[in-house]
Amino acid sequence: MLPSNQPHSASPSSPDLMAAEVSEFFDGSPVPTFAINNQHVITHWNRACELISGLTAAEMVDTRDHWRFLYTHKRPLLVDLIVSGTIEESVNVLYRDKPRHSNVIKGTYQIEDFFPHLGEAGRWLSFSASALHNPAGQLVGAIEVLQDITQQKEAQLALQKAHDGLEQLVDARTLELKASNNCLTDVNKKLNTSFLTTIKIFSNLIEMRASHLSGHSRRVAELARQIAVRMNVDFNDTQDIFVAGLLHNIGKIGFSDELLATSLNQMSGDTLGSYRKFTVRGEQLLMPLEDMAPIAHLIRWQQERFDGAGYPDRLAGENIPIGARILAIATDYENLQNGTLLQRRLRDDQAFNMVLRGEDKRYDPAVVSAFQEVITGVVNPTAETHIELFTSQLKPGMVIARDLIGQDNFLLLSADHVLDERLINKIITFENAWGVRMTIWVKVPAKEGVEAG
């Protein structure tokens with residue numbers, strides 16, 4: 001179990017919103033996040049939230065003061081409207097028609113706004129909130145996630161200013177425009193990292209309803225990414241495949257606990273028909289987001305078969321996008337081991353052999369070949385290598401190569417996170433508390449090495 005005495009964990013007197021492990025999950029997240037219970041009392045206030053607000057968890061947990069760092073007077077936040085059940089009636093009045101529904105997670109609201117009293121010159125913040133339910137479907141609280149988008153807004157304003165004056169100051173503005181573009185590129189890179197981290201967070205929250213699915217989407221996404229790299233799929237398509245792996249089960253969000261716990265080979269009739277709609281439902285949830293359209297298509301076609309006997313559209317062969325063909329193998333390999341497909345859970349070697357037997361029927365032979373090479377450890381050489389280090393060998397500035405997973409498969413830090421002294425000390429604290437020696441995979445550029453400790 002994760003330690004429950006960390007400074008930003010849920011207070012012992014707070015209602016039990018979720019397992020104690022989630023407190024450390026909140027604390028390890030680089031995204032400012034807090035949660036309240038159904039009495040509007042703060043139960044979680046993570047370190048990132050402390051940094052952006054200047055208010056400590058000791059000050060905030062077990063209070064109703066979450067309004068303090070956003071406003072100068074007491075007023076409801078999104079989480080309060082969700083908990084009180086007045087979100088639809090009040091949100092447009094309180095936020096001046098700025099909120100929008102999330103098209104990814106049902107019941108989630110998203111807002112961007114400027115807060116002039118934050119920092120020296122004010123800050124732009126983007127935040128979203130969603131309800132938290134227990135396994136019985138009862139509302140137990142709400143969670144709110146924040147991002148500081150000030151740099152992005154400032155970069156956009158700088159670009160607009162450069163554009164307006166371009167006709168009169170072409171030469172001078174050209175240099176300014178390049179600088180602004182470089183700034184915007186850096187900001188977008190950070191936002192993309194935060195976007196993936198947020199998707200992983202919601203993926204974990206969805207999987208908490210079914211213990212046998214813990215960590216499932218993360219493993220599917222990583223295996224699909226490795227297969228795509230092995231097949232030399234282009235970088236942007238590989239990223240889409242990875243995100244589709246994280247979200248491939250999003251269409252099951254409305255399933256009952258009983259249906260989630262039932263193996264596919266035990267289903268029939270209406271139950272099987274309801275189950276098979278999850279791919280189309282997943283596509284429908286993502287399609288309103290224009291940038292997510294390619295990912296939505298992969299989720300729709302993940303259950304198509306190479307021989308044309310799949311669903312929902314009975315596509316065959318190369319008419320099935322390569323990402324969906326890859327996703328089919330990655331999901332089945334994991335589902336054979338966790339009881340989703342068969343009542344009896346298979347060992348990894350048994351699941352591996354069953355996938356191989358599906359070649360040219362369920363699966364594309366070329367994808368099966370790449371899958372086999374990935375599982376057996378055959379990989380293409382790349383300009384960037386990864387090395388496994390003990391915590392004592394970690395140094396500030398190192399980049400994590402693989403998601404850092406704690407006990408019970410909870411995400412602590414996502415891949416591509418840059419380590420600093422504070423994060424290294426936090427990892428060592430976890431290691432000491434768990435009583436195990438941890439290893440972390442980090443990126444090593446070509447021609448560089450790390451001295452073994």
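1. Two residues are in contact when they have heavy atoms within 4.5 Å of each other. Keep that in mind for this predicted model. Take the contacts in the chain with a separation of 6 or more: residues 24 or more positions apart account for 55% of them.

2. Now the overall make-up. The chain has 453 residues, and 50% of them count as buried. DSSP runs give 17 helices and 10 strands. The accessible surface of the chain comes to about 22,200 Å². Carbon and sulfur atoms hold 51% of that surface.

3. Look next at the largest nonpolar core. It has 39 residues. Those with the most contacts inside it are Ile227, Leu286, Ile326, Ile329 and Phe371. Several helices give two or more residues to this core, among them H8 (216-230), H9 (235-247), H12 (278-286) and H16 (365-375). Helix H14 gives the most, with 8 residues.

4. Which residues is Ile326 in contact with, leaving aside its neighbours within four places in sequence? They are Ala224, Ile227, Ala228, Met231, Val233, Ile241 and Val367. A second core is separate and has 31 residues. Met60, Tyr71, Leu78 and Phe115 are included in this second core.

5. S1 covers residues 33-37 and S2 covers residues 42-45. The two run antiparallel and are joined by 3 bridges. Phe34 has Trp45 in S2 as its bridge partner. The hairpin leaves 4 residues between the strands. In the turn, His40 has a positive phi of about 70°.

6. S4 pairs with S5 in the antiparallel sense, over 7 bridges. Within this pairing, Glu112 stands opposite Ser126 in S5.

7. Ser128 lies in strand S5 (residues 123-133). Is Ser128 buried or exposed? Ser128 counts as buried because its relative accessibility is 12%, and the cut-off for buried is under 20%. Not counting residues up to four places away in sequence, Ser128 touches Thr108, Tyr109, Gln110, Ile143, Glu144 and Val145.

Technical notes:
Residues are numbered from 1 along each chain as its sequence is written. This is a predicted model: local features need pLDDT of at least 70, side-chain atom pairs count only at pLDDT 80 or more; totals for chains, interfaces and linings use all residues. Side-chain values use heavy atoms; hydrogens and water are left out. A nonpolar core is a set of buried Ala, Val, Leu, Ile, Met, Phe, Trp, Tyr and Cys residues joined through side-chain atoms within 4.5 Å. Buried means under 20% relative accessible area, exposed over 50%, partly exposed in between (1.4 Å probe, protein chains only). Accessible areas come from the Shrake-Rupley method with a 1.4 Å probe; for residues, only the protein chains shown count as cover. Two strands pair if DSSP finds at least two bridges between them.
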